[in-house]
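Please look at the model shown here.

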Amino acid sequence: MSAAPEPDQSGPNDWYAAGCSRTCANEHTLQWGRCAHAEAPTEDSFIVARSALATPESWPYVCGTPRHTKLMDWLRTHGIEPTYVSSDDPVSLATGTDGTQLIEYTQYLVTAEGHKYLDPKDRTVAAKETRCAPVRTSPPRVKRADITTLALLQAIHDHATRPVPPGKYRWEIPGAWWTLCTVYPEKVVTAAYEREDDRGHLDCGVSLRTSWLTDKGHAELARLKEGL
């Protein structure tokens with residue numbers, strides 16, 4: 001980690017690029033990604049709706065899939081370098097009161113040499129900030145194939161083996177189906193579950209949503225992970 005650079009007062013810039021609010025009249029700093037005199041640029045009064053493209057919980061099951069490749073390419077076409085996008089925070093499609101659509105994401109702040117640095121307010125974490133970029137093209141369409149066999153079986157396995165917090169029951173923790181539905185349409189997730197059920201990888205009681213892995217499913221997950 002490098003030391004925090006001084007803010008670059010480079011003069012007025014487009015408010016979208018600076019990640020600031022539409023009504024801000026202050027000078028912006030692209031170094032810090034927002035108006036140097038304003039608070040963090042998340043105005044819930046301006047944003048009226050959000051739909052998640054990726055969340056901290058879903059990132060492990062998006063990475064390495066066709067969806068991941070398409071999403072990263074889509075971000076690059078909007079001038080966003082995926083390398084610096086935080087996977088500990090959501091990437092969302094935000095809609096403003098006037099219908100404007102923005103990509104809302106959290107980016108690690110870097111020096112002029114491209115190195116991350118520690119947050120001046122908390123020296124235990126890397127400095128990062130929420131930013132926005134105007135949507136130029138629609139996000140890539142989602143397909144069943146975007147949820148790979150490995151991603152789905154791993155999500156179900158992780159839910160089944162995740163430690164249960166004290167005072168909670170496992171059924172109170174959002175399962176794999178619900179986690180995937182935060183970033184994929186419900187019908188796409190259901191289709192992926194049906195695909196793996198047809199292959200003998202899943203078993204369930206009254207609903208596929210609460211499926212668990214069969215012996216064949218565990219074996220297939222192990223085989224796929226060996227190939228990584």
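## Basis

This is a predicted model, in which local features need pLDDT of at least 70 and side-chain atom pairs count only at pLDDT 80 or more, while totals for chains, interfaces and linings use all residues. Residues are numbered from 1 along each chain as its sequence is written, and side-chain values use heavy atoms, with hydrogens and water left out.

## Helix α6

Helix α6 covers residues 186-198. Helices are DSSP runs of H or I with at least four residues, strands are runs of E with at least two, and both are numbered from the N terminus. With 13 residues at 1.5 Å a residue, α6 should span 18 Å, and this agrees with its end C-alpha atoms, which are 18 Å apart. The expected span is 1.5 Å times one less than the number of residues.

After α6 comes Gly200, with a positive phi near 80 degrees.

## Two sides

Val188, Val189, Ala192, Tyr193, Arg195 and Glu196 are the buried residues of α6 (under 20% relative accessible area, 1.4 Å probe, protein chains only). Seen down the axis of α6, they fall within an arc of 155 degrees, so they line one face of the helix. The arc is taken from the directions from the helix axis to the C-beta atoms. Lys187 and Asp198, on the other side of α6, are exposed (over 50%).

## Neighbours

The buried residues of α6 pack against α4, α5 (176-181) and β9 (202-203). In α4, Thr149, Leu152 and Ile156 meet Ala192, Tyr193, Arg195 and Glu196 of α6; contact means heavy atoms within 4.5 Å.

Conventions. Axes fitted to C-alpha atoms, helices over the stretch in contact; angles between N-to-C directions.
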